[in-house]
Amino acid sequence: MILLLILLIPLFTSLFLLVFRNAATVRTIALASTILNLVLTLTLVFSGQTANYAVSWSNVIGFSFSLGYDGISLLMILLTNLLFPFIILAGFNTEQKRAEVLYALIMLTQSALIGVFMAQNAVLFYIFWELSLIPLYFILLLWGGEGRRNITLKFFIYTLAGSLLLLFGLIYLYQLTPGNHSTDFSAFSQLNIPGGTQIWLFWVLFIAFAIKMPMFPFHTWQPSTYTMASTQGVMILAGIMTKMGIYGALRFIFPVVPLGVLYWQNTVIVLSLIGVIYASVIAFRQTNLKRLVAFSSMAHISLMVAAMFVLNYYALQGLLFQVISHGVTIVALFYMVYLTEQKTGTLELPALGGLKLKAPNMAILLLLVVLGSIALPLTAGFVGEFLMIAGLFQQSAWFAAAGGLTMILGAVYMLYAYQRVMLGDQNPAFATITDIGIKDYLVLLPLIAIILVLGVFPQPVFNLVEISAGSMQNLLHSASALLPIVY
């Protein structure tokens, strides 16, 4: 029942918010709802017990409303409910048109994201997958920045293409299930699909998830969408929705087409590492701070995809740890971008400089976030990226070298951006700006605390995902033993 509560609280809150017209009331109710959901999620995490909820809806297509979780999905649920209070809080003390509609859409997005990570049935997974896109589409379209119509249309076309591929893959897998057919994940994972079929079916499923991550070369919607999106919209996109693609690959591709994973393993790793280098180089050449952070996010996600396909224990543990680390860090970074624009009226790096003279506390907090982003030791980013690169090294020293460029190039462009924003001579136009306020501390200090605490004491996250990562590795080892026979 607790799973159903966690799913329905943001859904009913989204409907309830439409009754109000006072923006402060709307934000307060939304924040209270997200905090309640976080508390309920933490009870699941610390209980150490499993929970399931299932109701049969249609025996005709083998569909049941089935909710549940394992270590990986619980990690995703925790990330979602951890970040949404900060996403809501980011909108406080800000003028926003039709606040009741905006926050209703944000809460609906949260409910759909939770549904994606709880679903134990392919049809239910797909319903929540699509449902998460609808409110986000309107958040981007109605509260986005310059050029939002064309950019949102491009985002919609990309995601629609991915959704159609996913739908085709699910229907195909449904037809392969025996007897009366089933859409349960357990039925899909038990399929004995011929190796030749797995080769092409892998790409049908993988492209659908690669668009969402996004991964090179399916990434072209991302930079412009992140740059145009409102602060809360980009927090949802970068902090949580990118993890939908990673989760979908772990949930569908690895158990269902493991031979396809092994066959295309090196291809995906090479594409991912190209994405790491490409995004890092492009990030350094950016003059817009928000666009620079967007490419930074792409570089880190690309390394995570490469680690996912290395198929060893270190890489999988690093990947799952980095899911939390990247989500927290990128939300803090985009909030810093918002503060910079709010105080100066610009995000163009040539026009910035010397903000530490008027906002020293902001400069300190931004430095801590930047150090977490570049994976400095004793930060959460270092733990995840060290394990992922160690895993890549077991596959190939060249892969590890290319993956390690994430740290090196990341340090170059992030410290360069910090220098251009905070250091140097002050722009005379910024002489009247003030330091950060109470709301900003409420957003940034907990996020920075998580970055630092997990960097020193990462074991709780490892404990959460250890069983799932180990079982996935065993599955792929079994598939690897069959590979010479099939091909």
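The second largest cavity holds about 80 Å³ of space. Its lining is made up of 13 residues, and L289, L333, L366, V370 and M414 are the ones nearest its centre. The elements α13 (289-308), α14, α15 and α17 (397-422) each give two or more residues to this lining. The model described here is predicted.

**Second largest cavity: residue classes**
- In the lining of the second largest cavity, 12 residues are nonpolar and 1 is polar.

**Largest cavity**
- Rolling a probe the size of a water molecule over the atoms shows where empty space is left.
- The structure has 3 cavities of 30 Å³ or more, and the largest of them contains about 90 Å³ of space.
- The residues H300, Q322, S325, H326, T329, I330, L333, G372, S373, A375, G381 and E385 line the largest cavity.
- At least two lining residues of the largest cavity come from each of α14 (313-344), α15 (360-373) and α16 (380-395).
- The greatest share comes from α14, which supplies 6 residues to the lining of the largest cavity.
- By class, 8 residues in the lining of the largest cavity are polar, 3 are nonpolar and 1 is charged.
- L333 is named in the lining of the largest cavity, and L333 is also among the residues nearest the centre of the second largest cavity.

**A buried threonine**
- T225 sits in helix α9, which covers residues 222-228.
- T225 counts as buried because its relative accessibility is 0%, and the cut-off for buried is under 20%.
- Beyond its neighbours within four places in sequence, T225 is in contact with L140, I151, F155 and L237.

**The chain as a whole**
- The chain contains 19 helices and 2 strands.
- Of its 487 residues, 61% count as buried.
- A compact globule with 487 residues would have a radius of gyration near 23 Å, so the 22 Å of the chain agrees with that expectation.
- The C-alpha trace spans about 75 × 55 × 45 Å along the principal axes of the chain.
- When contacts between residues at least 6 apart in sequence are considered, 83% of them join residues at least 24 apart.
- The chain exposes about 18,200 Å², and carbon and sulfur atoms supply 68% of that area.

Definitions and conventions: Residues numbered from 1 in each chain as written. Predicted model: local features only at pLDDT ≥ 70, side-chain atom pairs only at ≥ 80, totals over all residues. Heavy atoms only, no water. 1 Å grid on protein atoms, 1.4 Å probe; cavity = no way out; pocket = protein on both sides within 12 Å on 5 of 7 lines; lining within 4 Å. Points joined across faces, edges and corners; volume = space filled by probe spheres on them. Helix = DSSP H or I, 4+ residues; strand = E, 2+ residues; numbered from the N terminus. Nonpolar A, V, L, I, M, F, W, Y, C, P; charged D, E, K, R; others polar. Buried < 20%, exposed > 50% of the residue type's maximum accessible area, 1.4 Å probe, protein only. Contact = heavy atoms within 4.5 Å. Rg over C-alpha atoms; globule rule 2.2 N^0.38 Å. Areas by Shrake-Rupley, 256 points an atom, 1.4 Å probe, with all protein chains shown as cover.
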